[in-house]
There are 2 protein chains.
Amino acid sequence: MSIAARMNTFVEDLQEHLCRRLEDEDGAASFEVDDWTREEGGGGKTAVIEGGDLFEKGGVNTSAVEGELPEHMAEALSDAEHEVEPAPFFATGLSLVLHPHSPHVPTAHANFRYFALGEDRADPDDQWFGGGADLTPYYPRLDDAQHFHRTWKAVCDRHPRVADYEAFKEQCDDYFYLPHREEARGVGGIFYDYVRNDPEATLAFSKDAGEHFAEAYLPIARRRRTADWGERERAYQELRRGRYVEFNLVYDRGTKFGLESGGRTESILMSLPPEVAWRYDARPEPGTPEARAQWFLQPRDWLALSPEDVPEATSPSARPSTEDENPPRDA
Amino acid sequence: MSIAARMNTFVEDLQEHLCRRLEDEDGAASFEVDDWTREEGGGGKTAVIEGGDLFEKGGVNTSAVEGELPEHMAEALSDAEHEVEPAPFFATGLSLVLHPHSPHVPTAHANFRYFALGEDRADPDDQWFGGGADLTPYYPRLDDAQHFHRTWKAVCDRHPRVADYEAFKEQCDDYFYLPHREEARGVGGIFYDYVRNDPEATLAFSKDAGEHFAEAYLPIARRRRTADWGERERAYQELRRGRYVEFNLVYDRGTKFGLESGGRTESILMSLPPEVAWRYDARPEPGTPEARAQWFLQPRDWLALSPEDVPEATSPSARPSTEDENPPRDA
């Protein structure tokens with residue numbers, strides 16, 4: 001079977017597997033699945049979970065689309081080393097975003113995709129893989145960041161011909177960065193794109209990575225979901241979710257490209273968090289857990305750090321500075 | 001005095017005047033003012049009102065900035081008729097966004113700006129005006145849309161040499177449109193840009209427009225703010241505010257340009273609504289007031305319509321389809 005066909009099968013199997021695992025973990029809600037087709041060729045399956053016990057909103061999407069690559073997309077996909085020409089294309093991938101209910105449980109995102117160009121899908125003129133996984137905690141913890149990164153480092157280390165944890169971690173830090181906020185989206189993970197050498201080995205790496213998402217993320221969700229939280233933590237989570245929206249709508253290539261190319265809007269924007277807030281110039285009081293969280297929003301070598309490197313919150317009971325000025329959500 | 005200096009004085013006076021008027025109208029909250037300066041030259045004043053009785057969040061910003069226009073900005077400002085070259089520039093303007101608390105009161109936006117290029121600000125090599133005002137109701141009403149448009153038509157009609165209501169209304173419809181949703185942001189208003197002919201007359205038009213914003217908007221706010229609303233209307237308002245965020249972060253030139261050029265982030269993003277929701281594929285039940293609202297989200301010639309042209313909600317008590325599936329905001 002061609003790489004394209006095997007990647008596509010993997011992506012579909014992974015969606016089923018992850019939806020089952022995530023439902024089991026949630027315990028309350030289940031995924032609703034929408035099948036959709038695309039006029040120009042292909043389609044996808046959008047699986048969404050809402051109002052769960054663990055997951056307030058989450059989606060696991062797959063798509064497999066084909067068509068004729070337009071000139072402006074070919075240009076956008078070209079770089080100094082590889083010129084991409086308009087040609088028949090095939091793209092398949094899985095994309096997932098999980099927005100937990102509890103502010104103590106991080107938001108997670110992962111994506112595994114494959115792109116091929118040429119008349120013959122079994123023998124493409126050009127083909128590459130992209131993907132990655134990253135973690136966006138609200139109340140970040142070093143041990144969580146380390147568990148997440150350690151999992152991805154182990155996956156990368158098993159595929160040394162095509163994967164390089166250090167490089168992929170750096171690309172993740174570069175990609176998930178908000179210049180207008182001068183901060184990272186979260187504590188990163190791995191990100192890779194245009195991996196062209198050795199498609200066979202990269203397919204194996206993609207599968208290994210996809211199959212380890214649950215192991216990278218669920219232990220963190222499990223140990224944080226029972227922690228207490230209230231209005232203060234919720235207000236902070238909603239503000240931070242605003243940054244997530246800013247990243248996805250202003251910078252994310254997948255989102256912009258998807259919307260511009262007439263992709264299925266609801267599948268693309270399932271990545272947006274369920275309840276979000278923006279307040280003018282909201283800044284946490286120094287010494288609070290919310291201020292301490294900022295320390296985690298700069299790229300750091302998590303695996304080289306120890307607990308004593310992490311600043312402590314000195315006034316954990318202080319309230320975020322904007323809270324008093326704003327009415328409660330249902331006022 | 002130069003056009004630049006007079007426009008700048010007007011913008012500063014209008015900010016003071018509007019903050020007073022809007023505070024009076026709100027009756028509970030007042031504007032907090034942040035003065036900021038820009039390293040490259042100039043600065044601004046950001047006035048924000050939050051947690052009011054009428055206004056949940058609103059801002060009236062002014063800025064006057066100067067510097068050397070970079071090549072990529074010059075390119076972005078060029079069109080088929082006017083090539084803009086890198087040169088010293090001066091820009092001044094006022095921008096306001098009002099997000100009312102009640103879902104029955106529309107969100108409003110207005111902007112009045114001036115741009116000059118050349119060594120001598122009193123005798124610029126090139127200069128133009130831009131601006132406009134638009135209305136985004138949640139539960140739209142024809143009489144509100146008509147009052148808003150009628151006010152702007154009257155302003156335009158007083159300045160026939162530089163303003164054309166029909167053309168400006170159409171530009172507004174074109175600009176405030178979300179292609180990925182196939183809908184307008186609201187019921188429009190007027191939008192103009194690169195108005196170069198007769199700066200003296202355009203300054204007079206800008207002033208007249210700025211001075212009539214309160215008349216265009218406040219009567220609508222006044223007659224809708226006392227209407228009852230509850231969880232259902234709030235949930236719908238929060239979903240619609242999501243579309244506002246999508247427009248501002250994905251399409252709005254001012255926002256993109258501001259963030260890219262290193263503008264003051266909190267002043268630029270004060271336009272974002274305070275509390276916002278995204279739910280997967282949320283669609284109002286046919287016949288509900290929320291479904292009826294969609295009819296207003298296509299460009300229409302409001303002033304030519306009568307009440308019988310507007311579809312009626314046939315099942316006003318039905319609840320939006322997604323409400324039952326989602327926990328209340330503070331759950």
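A nonpolar core is here a set of buried Ala, Val, Leu, Ile, Met, Phe, Trp, Tyr and Cys residues joined through C-beta atoms within 7 Å. In this predicted model, the largest nonpolar core holds 160 residues, and the members that touch the most others are A:I190 and B:I190. Leaving aside residues up to four places away in sequence, A:I190 is in touch with A:G132, A:A133, A:W152, A:C156, A:Y165, A:F168, A:K169 and A:C172. In soluble globular proteins, nonpolar side chains tend to be buried together.

Where the chains meet, 29 residues of chain A are in contact with 30 residues of chain B. Two or more residues on chain A's side come from each of β2 (42-50), α7 (231-251), α9 (265-268) and β10 (275-277) of chain A, and α7(A) gives the most, with four residues. The table sorts the side of chain A that touches chain B by class.

| Class | Residues on the side of chain A that touches chain B |
|---|---|
| nonpolar | 15 residues |
| polar | four residues |

Is A:D157 buried or exposed? A:D157 counts as exposed because it has 11 C-beta neighbours inside 10 Å, and the cut-off for exposed is 12 or fewer. Between the C-alpha atoms of A:D157 and A:F205, which are 48 residues apart along the chain, the separation is 9.8 Å.

Terms used: Residues numbered from 1 in each chain as written. Chains lettered and ligands numbered in written order. Predicted model: local features only at pLDDT ≥ 70, side-chain atom pairs only at ≥ 80, totals over all residues. Contact = placed C-beta atoms within 7 Å. Nonpolar A, V, L, I, M, F, W, Y, C, P; charged D, E, K, R; others polar. Buried ≥ 20, exposed ≤ 12 C-beta atoms within 10 Å, placed from the backbone.
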